[in-house]
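Dear colleague,

I am passing on the structure we talked about, with a short account of what was found in it. Please have the sequence and the view open as you read.

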Amino acid sequence: SVKNNLVILFWNAPSDNVDQADSEFAPNIYQDSFNSETGLYHYIGEGQIGDQTLDSGSGGNKRIAKAKEQGRTIHLFHQHNKKEKHEYLGQVELVDIKKERQSDAERNDREVLVFLLKPV
């Protein structure tokens, strides 16, 4: 929300475009996770096909990366089941961005951006 200076993220949100019968089932193609040792959320960037960049998709990756310098706060939500309410996980801040290899929507290997987010 540009008007309210917010970046809203939906962490590990369920999707219709995954095969639940697949042995490597995930709720969506983005392999979001939480590291209980570090207390950090690992949020996969935007872009379903090919390598991700800060300019991938509709610009959401860049909005996350530049939130602090643009005076925006980042808020994290989790929807446990499709078509149900979202759980507000709270405000987070970007700690780091790393790159990983993961599959895209077409099951091709690609580089994704992993935003490391710390609860505020």
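What share of the contacts in the protein chain with a separation of 6 or more comes from residues 24 or more positions apart? In this model, which is predicted rather than experimental, such residues account for 52% of those contacts.

As for the secondary structure, the protein chain holds 1 helix and 6 strands, and when read along the sequence these elements follow the pattern β-β-β-α-β-β-β.

The 6 strands come together in an open sheet with mixed pairing, in which the order is E1-E4-E5-E6-E3-E2. Strand E1 (6-11) and strand E2 (33-35) stand at the edges, and because each has a single partner strand, one side of each is left without a neighbour in the sheet. On average, and with direction ignored, neighbouring strands of this sheet are turned by 40° against each other.

Turning to burial and surface, 35% of the 120 residues of the protein chain count as buried.

Notes
Residues numbered from 1 in each chain as written. Predicted model: local features only at pLDDT ≥ 70, side-chain atom pairs only at ≥ 80, totals over all residues. Heavy atoms only, no water. Helix = DSSP H or I, 4+ residues; strand = E, 2+ residues; numbered from the N terminus. Buried < 20%, exposed > 50% of the residue type's maximum accessible area, 1.4 Å probe, protein only. Contact = heavy atoms within 4.5 Å. Pairing = 2+ DSSP bridges. Axes fitted to C-alpha atoms, helices over the stretch in contact; angles between N-to-C directions.
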